[in-house]
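These are my notebook entries on a structure that I looked through by element and by contact. I give the cut-off for each term where it is first needed.

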Amino acid sequence: MIIDVNVYLSRWPFRRLPHDTPDSLVRKLRFHGVEQAWAGSFDGLLHKDIANVNSRLVADCKQHGEGLLVPVGAVNPTLPDWQDDLRRCHEVHQMRAIRIHPNYHGYSLDSALCDELFQAAQDRRLIVQLVLAMEDVRVQHPLMRVAVVDTAPLAALVNKFPRLPLVIMNNSAAVRTGQASELAKVGNTFFELSHFESVGGLENWVKEVPVERILFGSYFPFFNLEAALLKFQESQLGGFATTTIQAGNAKDLVFDLHSQESP
Amino acid sequence: MQSTDRRSFLSTSAAGVVGCVVGAGNSNLAAVADDAPLANAPFRTSEHDAIWDLHCHFSGVTGDTVEQRAAKLLEYADRMYVQRLIFFMGWPWSYTPEPAEFRRQNDQVLGVLQRWPDRLLGFAYLNASFPDESLAEIERCIQNGPMVGVKLWVGRRCNTEDVDPLIRRCGELNALVFQHTYLKITGNLPGESTPQDLAELAARNSKVPLICGHCGADWTLGIRAVRQFPNVSVGISGSDPTAGFVEMAVRELGAERVLYGSDIGGRSFASQLAKVYGADITDAQRTLILGGNLRRMLKPIMDSKGMQQ
Ligand SMILES: [Zn+2]
């Protein structure tokens with residue numbers, strides 16, 4: 001069984017992706033043993049009517065996949081009354097996680113807005129998925145150049161919100177393994193593996209970062225789903241690390257939040 | 001999820017991991033054994049896939065010598081069932097090598113070819129800023145040596161006519177020409193070629209097979225740039241596993257002009273092979289891209305050297 005914490009629905013703005021319809025996406029995930037996929041929406045990057053983006057996402061997740069898709073709402077703290085988007089994610093849609101894109105929404109990790117958002121998410125015991133990049137900055141559309149999220153303030157941020165479950169996503173090399181193991185020590189920080197690179201990349205992460213802080217993520221359908229799957233063939237992890245990364249850690253993450261709510 | 005579910009889940013999954021860090025809290029996870037089989041790898045490449053990798057370097061692993069590094073890289077290649085690997089450039093490498101420097105790096109490659117003649121192939125690293133010395137290096141490494149192609153990196157843009165004598169000589173020897181290409185919106189290096197530069201080269205040397213390395217990385221543009229030139233194949237290595245790359249290449253160029261390569265060790269076999277395995281193409285097309293095309297293109301020069309495929 002696999003829990004994929006990094007999937008997107010709707011349309012990438014710059015080209016059609018294979019499997020970018022919910023039915024096709026679900027079929028492929030299921031075929032490869034993914035039983036649960038935490039899905040955000042590409043619409044969350046550029047749309048301003050975020051409430052509607054999240055409603056559509058929830059409807060898509062209900063309509064397709066018979067429970068395989070778990071909606072992860074978008075929140076943009078630069079929008080007026082974003083707090084109500086967050087409230088709806090939590091109270092109306094019963095979400096466990098939100099996904100944020102600070103580089104596409106124009107705020108930094110050391111801004112007051114980010115502080116407020118993290119505080120509000122922590123108060124509601126929500127998981128925050130922090131996406132560092134959507135594509136290689138070298139091949140972006142000339143009118144749409146978006147830098148990778150500056151992770152320099154990350155240590156201070158994690159220090160300030162040590163209990164907040166924070167998932168670092170699409171991390172090519174912005175946070176290296178050394179810094180990641182420090183972040184894992186001070187905070188409740190997790191790392192999703194879709195962008196782990198270099199030969200044996202996953203193995204290198206497992207050697208330096210606690211294995212229970214690594215989560216399976218594919219960044220499907222932007223990336224080929226097989227990229228994340230084949231990392232488990234290239235890296236020799238053993239059964240325990242494999243199962244805990246592929247599903248156990250994500251289960252525990254949600255379970256721990258749940259048990260905090262009803263002690 | 002109920003806590004009993006969680007416990008039973010852990011009891012069935014508890015098994016070994018060698019060398020991993022188990023520590024930040026969660027004592028349940030500490031109960032592990034050491035003898036677990038490699039479980040739950042849900043999608044795997046197969047030993048029958050006959051994978052040949054166009055694009056390998058000595059990076060991404062540790063080792064004092066390139067032999068030590070190649071040995072480690074071969075361990076990963078074995079896990080992925082990659083049969084043959086083409087290496088070019090030594091360790092450490094340099095962007096604009098003087099002739100003595102590219103000769104040193106080629107000597108390193110020649111060393112590993114000798115050690116693993118059945119697994120490794122080599123392309124000679126050249127710098128088009130030194131056409132005469134590069135031509136001499138073709139003689140040394142290919143005509144009089146075991147190498148089967150050349151690698152041109154970022155020494156000089158390939159649209160210059162000064163490159164043509166090198167290309168013509170490769171044509172005579174049936175040696176493959178691998179030209180790195182990139183289209184960076186952030187700006188190319190001074191000597192870095194674009195796929196459009198390669199298209200100019202291809203127009204002047206229409207009989208010589210050329211490989212558009214990285215396909216410009218922005219493959220949506222790279223594929224278009226070389227589409228008109230049937231002597232140009234595209235290498236898919238060294239970029240993120242963005243879905244749709246191989247489908248577009250097959251649609252616009254035909255599967256015969258698409259070559260799998262990884263660009264290890266900066267990249268992983270996993271991410272680069274996924275571009276081929278994840279693509280919506282036929283099995284026959286996949287076989288060509290994973291190695292069939294490369295074997296076809298290399299057959300004349302390998303035959304002339306008495307090398308087995
Ligand atoms: Zn390379």
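I call a residue buried under 20% relative accessible area, exposed over 50%, and partly exposed in between, with a 1.4 Å probe and protein chains only. I worked on a predicted model, in which local features need pLDDT of at least 70 and side-chain atom pairs count only at pLDDT 80 or more, whereas totals for chains, interfaces and linings use all residues. Residues are numbered from 1 along each chain as its sequence is written, chains are lettered from A and ligands numbered from 1 in the order in which they are written, and side-chain values use heavy atoms, with hydrogens and water left out.

**Entry 1: a loop methionine**

I looked up A:M144, which counts as partly exposed because its relative accessibility is 22%. I located A:M144 in the loop between β6 (127–131) and α7 (154–160) of chain A; helices (H or I, at least four residues) and strands (E, at least two) are DSSP runs, numbered from the N terminus. With contact taken as heavy atoms within 4.5 Å, and residues up to four places away in sequence not counted, A:M144 touches A:F14, A:L46 and A:Y104. A:F14 lies 130 residues from A:M144 along the chain, and their C-alpha atoms are separated by 9.8 Å.

**Entry 2: helix α1 of chain A**

In α1(A), residues 22–31, I found A:P22, A:S24, A:L25, A:V26, A:K28 and A:L29 buried. Their cover includes β1 (2–9), β2 (34–41), α3 (50–63), β3 (69–71) and α10 (225–234) of chain A. Just after this helix, A:G33 takes a positive phi of about 85°.

**Entry 3: α10(A) against α9(B)**

Which helix of chain B do I find crossing α10(A) at roughly 130°? It is α9(B), residues 269–277, and the two axes come within 8 Å. I take axes as lines fitted to C-alpha atoms, for helices over the stretch in contact, with angles from 0 to 180 degrees between N-to-C directions. The pair is therefore oblique; angles under 35 degrees count as roughly parallel, over 145 as roughly antiparallel, 65 to 115 as roughly perpendicular and the rest as oblique. On the α10(A) side, I list A:E226, A:A227, A:L230, A:K231 and A:E234 in the contact; α9(B) supplies B:F269, B:A270, B:S271, B:L273, B:A274 and B:Y277.

**Entry 4: α6(B) and α7(B)**

I next took α6 (residues 195–204) and α7 (residues 219–226) of chain B, whose axes are 9 Å apart at an angle of about 15°. These helices are therefore roughly parallel to each other. I noted B:P195, B:Q196 and B:A199 from α6(B) meeting B:G222, B:A225 and B:V226 from α7(B).

**Entry 5: cores and chain B**

A nonpolar core is a set of buried Ala, Val, Leu, Ile, Met, Phe, Trp, Tyr and Cys residues joined through side-chain atoms within 4.5 Å. The largest has 157 residues, and those with the most contacts inside it are A:L29, A:L69, A:L154, B:L85, B:F269 and B:L298. Helix α10 (residues 283–304) of chain B gives this core its largest share, 7 residues. I traced the contacts of B:L298 to B:W52, B:I86, B:L121, B:V148, B:L176 and B:Q309, leaving out residues up to four places away in sequence.
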